[in-house]
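Reader: I have a structure to look through. Please take me through it in short steps.

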Amino acid sequence: MNPEQQEEKVHVLIIGSGPAGYTAAIYAARAELKPVMYAGFQPGGQLMITNEVENFPGYPEGVLGPKMMEDLRKQAERFGTQVRYSSVTEVDLSKRPFAVRADDGKSIMADAIIISTGATAKWLGLESEQRLNGSGVSACAVCDGYFYRGQDVAIVGGGDSSAEEALYLSKLCNKVYMLVRKDRLRASVVMQRRVEQAPNIEIMYHHDTVEVLGEQEVTGVRVRNLENNTTRELAITGFFVAIGHKPNTEIFKGQLDMDSVGYLRTAPDSTATNVEGVFAAGDCQDKVFRQAVTAAGTGCMAALEAERFLVGREMGE
Ligand code: NDP
């Protein structure tokens, strides 16, 4: 460690500030573990770029994503969580206490760490996609599909997520175009059969997206047939992108077990990683559900497990 950096000791360090991190913070703070949270490069996480959230229990009228994160932050702070608007840049998990560096210049020794760094949705990279994000363009059908009920929508991608989300949309929407760049789906066979059999899903193989159309909100999409290089426009009001996520776990590479994409591996029925005292919650370890409420659930588990770990250590177990 650089001697010029201040060194600090904390019981529980929480890295990341989405629903998983804040829920872990609420539980850890109420257990008087004085958690310190590093909020990261996008404080509040993916919900900060979401509009209305209608599926989080307890908000009968729905809530704006940023408002919900503000509420969670206040709740965590009320019990004594210290939230820092900086990012952790380096961790050494080879021995306890764990050594952590952050870009606010601090060096921290942490008895336990809860990782809740989330994941980032992949985007196509089109200007129109970015401009209309939140105005008809979405990376989460389960979050936003309801706003397009009875309407025509498109979803990009041929993996399990896209297939699952296309099926979800097909129950709400009039018509779902599934834009797949190859001649086949990558999704599991059972999911392939389901999308093929859904009467209102049209799988458009060999198609990619040229431009999402619309000024203030989505009115259509221009697609290209990659076999004959012709383009056509589809009239839609919702454009969903489901081409994968990237878990934000770079700084843990080589230290924690993760799958080939980078999702942290945790023990069954637990948030424990392969390093004792390090727990993972939320989308950084969940490639299947990816919901605010499931992230919050695992955040709660992580705090309870961290508390148990610290108590056990004090008792010399
Ligand atoms: P995947 O990486 O499996 O699939 C991504 C899809 O998006 C592929 O069809 C890919 O096409 C396509 N794609 C990628 N980039 C682009 C692009 N720029 N333009 C157009 N299409 C693009 O991601 P998923 O999120 O679907 O799944 C991730 C993992 O999670 C998988 O292992 C999956 O099985 C798992 N999962 C499991 C679930 C479950 O068990 N219920 C639910 C959801 C996910 P191409 O094939 O041409 O590369």
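Author: Eight residues of domain 1 touch nine residues of domain 2, where contact means heavy atoms within 4.5 Å. This is a predicted model: local features need pLDDT of at least 70, side-chain atom pairs count only at pLDDT 80 or more, and totals for chains, interfaces and linings use all residues. Residues are numbered from 1 along each chain as its sequence is written, and side-chain values use heavy atoms, with hydrogens and water left out.

Reader: What are the bounds of domain 1 and domain 2?

Author: The bounds come from an automatic or database domain assignment. Domain 2 is 123-241. Domain 1 is given as 6-120 + 245-314.

Reader: How much area is buried between domain 1 and domain 2?

Author: Buried area is the accessible area (1.4 Å probe) that two parts lose on being put together, summed over both. Carbon and sulfur atoms give 40% of it here. The domain centres, taken over C-alpha atoms, are 32 Å apart. The buried area is about 670 Å².

Reader: Which residues come nearest to the ligand?

Author: A residue is near if one of its heavy atoms lies within 4 Å of the molecule. The shell has four nonpolar, five polar and six charged residues. For these classes, Ala, Val, Leu, Ile, Met, Phe, Trp, Tyr, Cys and Pro count as nonpolar, Asp, Glu, Lys and Arg as charged, and the others, Gly among them, as polar. Of the 15 residues around the ligand, the nearest are Gly 158, Asp 160, Ser 161, Arg 181 and Arg 186.

Reader: How far is an N or O atom in the side chain of Arg 186 from an oxygen atom of the ligand?

Author: A polar contact is a pair of N or O atoms within 3.5 Å. A polar side-chain atom of Arg 181 lies 2.9 Å from a ligand oxygen. For the side chain of Arg 186, the distance to a ligand oxygen is 2.5 Å.

Reader: Which peptide bond is cis?

Author: Most peptide bonds are trans. Here, one with omega near -10 degrees is cis. That bond runs from Arg 96 to Pro 97.

How values were computed. A polar contact is a pair of N or O atoms within 3.5 Å; within protein, one must be able to donate a hydrogen and the other to accept it, and residues adjacent in sequence count only if both atoms are side-chain atoms.
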